[in-house]
Amino acid sequence: MRTVYVNGEYLPEDQAKISVFDRGFLFADGVYEVTSVLDGKLIDFAGHAARLQRSLSELEMASPVTSEELLAIHKELVARNELTEGLVYLQVTRGAADRDFLYPDEDTAPTIVLFTQAKPGLADAPAAKRGIKVISIPDRRWGRRDIKTVQLLYPSMGKMMAKAAGADDAWMVEDGAVTEGTSNNAYIVKGNTIITRHLGEEILHGITRAAVLRMAAESQMKVEERSFTMEEAMDADEAFVTSASTFVMPVVEIDGAQIGTGAPGKVAARLREIYLDESLKAAV
Ligand code: PLP
C-alpha cells in the first residue's frame, strides 16, 4: 500500500482523510503540481515549486510549507514508496471552512496532500515512438489558465471527446487559434521553426515548455512564440506536445489529417532526447 502525505503526516493511503468542508472539494479552490520521477529523482523540481508559489499568490492563498520543506516531503515520499519511475502529485487547497463563496479568514489552515503514482516505462513510452492523434475542440475553460487550479472538468471532458473520436487527446481552439492541449502545451514545426503559443492568461506556463524552449535555443533551433491556427497546424511538417509527465510527445494526426510523414518528426524526437538527457542530469 502507498504512503501518502496529508497535512504534516505520512499515512497509509487508506487512512488519509480530508474534510467534507474542504474548499478544494466544494469550490475547486485549490492548486496542484505534477513532478516526474526518473531514476528515483525529481525532474525540474525548482520549476514546479516556483509555479506553485505563483499559483498560490495569484489566489491569495497561504503556502503551507516552504520550497525547502516541499522538496524534503517529495524526497521522503519517493523513498518511502520506493518510486523509481512515475510522478509525485501535490495539491494545496484553501482548507476546510463553512461553505461560503467568500474566502475564509487567515486562520483557516490550507490543506496539503501529496501522493506518488508509479509509471514504469515513463521515459521509454511506446506512444513516443508512434506519436499520438489529436482532435480540435473549442476552449471552454475559464480565463485564468495560467493558474494551475484543480478545476479540470473541461479538460477531462475534452479527453473523453478525444477518446470517443478514436484519438488520444484534444487541442483547444479559441478565437481561431490553438491555445494548448487538455493537459499539455501544443507546438508545430514549419521548416526548421518551432512555433508555440506565447505566454499569457490563456495557457498554462508549462515547466516543460520553458525547459524545452531553452534547450531548443541552446541547440540553435529557431523558436517563434505566437498564436497559430488549426489550418497552419494541419499543414505543418511536425507537431508535438510537452508536459511534465509526457516530456516531448510527437503528434502525428490532427482532426484525422496526417501530419508530415505520419511518423514522429525529427525535431520532436531530437527535443525529447535532449530534454530527457539534460533533465536527468539536473534531477534532484
Ligand atoms: N497545459 C495544461 C492545460 C496542463 O494541464 C499542463 C500540465 O498538466 C501543461 C500545459 C504542461 O505543463 P507542465 O509542462 O508544467 O507539466
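Predicted model: local features only at pLDDT ≥ 70, side-chain atom pairs only at ≥ 80, totals over all residues.
View 1. Start with the backbone here: one of the polar backbone atoms of I207 is 2.8 Å from a ligand oxygen.

**View 2. Side chains of R51 and E180 at the ligand.** Zooming in on R51, we find a polar side-chain atom 2.8 Å from an oxygen atom of the ligand. E180 goes for a nitrogen atom of the ligand instead, with a polar side-chain atom 2.6 Å away.

**View 3. The shell around the ligand.** There are 18 residues around the ligand, and R51, E180, I207, T208 and A244 come nearest. By type, the shell splits into 10 polar, four charged and four nonpolar residues. At least two shell residues each come from α2 (45-58), β9 (177-181), α6 (207-218) and β13 (238-243).

View 4. Why does the ligand lie between domain 1 (3-118) and domain 2 (127-282)? Because both domains give residues to the shell around it.

Methods: Residues numbered from 1 in each chain as written. Heavy atoms only, no water. Near = heavy atom within 4 Å. Polar contact = N/O pair within 3.5 Å; in protein donor to acceptor, adjacent residues only side chain to side chain. Helix = DSSP H or I, 4+ residues; strand = E, 2+ residues; numbered from the N terminus. Nonpolar A, V, L, I, M, F, W, Y, C, P; charged D, E, K, R; others polar. Domains from an automatic or database assignment.
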